[in-house]
Structure formats: C-alpha cells, structure tokens
Amino acid sequence: GIRKSIGELRETVLKKIEVNADVPEIERLERQEFNLDTEEQHRLMAVSNEQIEKVRDEIELENIRKLYVAETLKKECWDSMEIPGKTLTGFGSKLEVRNYPIRKRSPDEVDKLEFVRTQ
C-alpha cells in the first residue's frame with residue numbers, strides 16, 4: 001500500500017544520501033536538495049521565523065525593561081547625589097581612600113538642618 005511505497009521511497013532517499021557523502025565534493029549535493037516536500041519545508045521555515053521574531057521581540061522588551069531599571073537606579077542613587085561616592089587607589093598599592101557620598105537635600109531638609117544647627 002501507500003505506507004510500503006513511502007517506506008521504500010524513504011529507504012531510497014537515505015541510500016542516496018549515504019552515496020552522496022562518499023562522492024567527491026564537487027559532485028556532492030546539498031542536504032536540502034534531497035527534500036521532497038518543499039511545501040512542508042516552507043511552512044516549517046515560516047513557523048520557525050515566526051518563533052524567532054517572537055523570541056526577538058521578547059528579548060528586546062526585556063532589554064528595554066532592564067535599561068529602564070538601570071536608568072531609574074542611576075537617577076535615584078547616583079544623579080541624586082551632591083557628592084557621589086568615589087574611591088582613590090594608589091599606583092602599585094592596595095590602599096584605598098574613599099570619600100563620603102552626600103545626597104542632595106531638599107529645601108525643607110536644609111531648613112530643618114539649619115534649625116538644628118542653631119539650637
């Protein structure tokens with residue numbers, strides 16, 4: 001029946017692929033040249049391309065999210081500093097000198113600090 005014909009066809013193609021591996025490179029056929037169902041191959045390629053686009057979009061969205069988080073952290077933890085934290089390291093030495101980071105104060109905080117200092 002049909003199954004037997006398909007099985008015989010499959011065996012024939014597999015034998016041809018084996019023979020193809022042993023011929024000189026100039027005579028060798030590419031693997032896709034043995035594909036008998038080009039419509040299915042095109043369908044599978046389309047499905048694969050859709051999946052690739054979906055994953056690419058997900059990765060791009062994740063990268064944008066990470067950039068947003070990084071920018072927010074930088075804004076809140078670095079840009080908001082009047083004096084950002086820094087470390088000086090000597091040449092050829094393991095000694096380090098660090099400053100004290102100082103956060104920018106709001107006008108209300110400055111007023112309260114002045115009030116406390118004058119008491």
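Val13, Ile17 and Asn20 are the buried residues of helix H1, where buried means under 20% relative accessible area, exposed over 50% and partly exposed in between, with a 1.4 Å probe and protein chains only. They cover an arc of only 60 degrees around the axis, which puts them on the same side of H1; the arc is that of the directions from the helix axis to the C-beta atoms. This is a predicted model, in which local features need pLDDT of at least 70, side-chain atom pairs count only at pLDDT 80 or more, and totals for chains, interfaces and linings use all residues. Residues are numbered from 1 along each chain as its sequence is written, and side-chain values use heavy atoms, with hydrogens and water left out.

**Overall layout**

- The chain has three helices and four strands; helices (H or I, at least four residues) and strands (E, at least two) are DSSP runs, numbered from the N terminus.
- Read from the N terminus, the order of elements is α-α-β-β-β-β-α.
- The radius of gyration is 34 Å, well over the 14 Å that the globule rule gives for 119 residues, so the chain is more spread out than a compact globule.
- That radius is taken over C-alpha atoms, and the globule rule is 2.2 Å times the number of residues to the power 0.38.
- The C-alpha trace spans about 105 × 40 × 20 Å along its principal axes.
- Of the 119 residues in the chain, 4% are buried.

**Helix H1**

- Helix H1 covers residues 2–22, and at 1.5 Å a residue its 21 residues should span 30 Å; the end C-alpha atoms are 31 Å apart, which agrees.
- The expected span of a helix is 1.5 Å times one less than its number of residues.
- Lys4, Lys15, Glu18 and Asp22 are exposed and sit on the face of H1 turned away from its buried side.

**Helix H3**

- Helix H3 (residues 107–118) has twelve residues, which should span 16 Å at 1.5 Å a residue; its end C-alpha atoms are 17 Å apart, in agreement.
- H3 is hardly covered, as the count of buried residues among its twelve residues is zero.

**Salt bridges**

- The count comes to eight salt bridges, each being a side-chain nitrogen of Lys or Arg within 4 Å of a carboxyl oxygen of Asp or Glu.
- Arg43 pairs with Glu40, with the closest N and O atoms 2.7 Å apart.
- Both Arg43 and Glu40 belong to helix H2 (residues 38–79) and are three residues apart, about one turn of the helix.
- Arg43 is partly exposed at 43% relative accessibility, and Glu40 is partly exposed at 29%.
- Glu53 forms a salt bridge with Arg56, the closest N and O atoms being 3.0 Å apart.
- Glu53 and Arg56 also lie in helix H2, three residues apart, or about one turn of the helix.
- The relative accessibility is 39% for Glu53, which counts as partly exposed, and 48% for Arg56, also partly exposed.
- An α-helix has 3.6 residues a turn, so residues three or four places apart point the same way.
- Glu109 and Arg103 meet through their side chains in a salt bridge of 3.3 Å, N to O.
- Glu109 has a relative accessible area of 30% and is partly exposed; Arg103, at 47%, is partly exposed as well.

**Nonpolar surface patch**

- Tyr68, Val69 and Leu73 form a nonpolar patch on the surface, with about 310 Å² of accessible area together.
- Patches are made of residues with over 30% relative accessible area and no salt bridge; like charges are joined within 9 Å, and nonpolar side chains (Val, Leu, Ile, Met, Phe, Trp, Tyr) within 5 Å.
- Accessible areas come from the Shrake-Rupley method with a 1.4 Å probe, and for residues only the protein chains shown count as cover.
- Leu73 is part of helix H2 and is partly exposed, with a relative accessible area of 47%.

**Strand S1**

- Ile83 lies in strand S1 (residues 81–83) and is partly exposed, with a relative accessible area of 35%.
- Ile83 and Glu50 are 33 residues apart along the chain, and their C-alpha atoms are separated by 50 Å.
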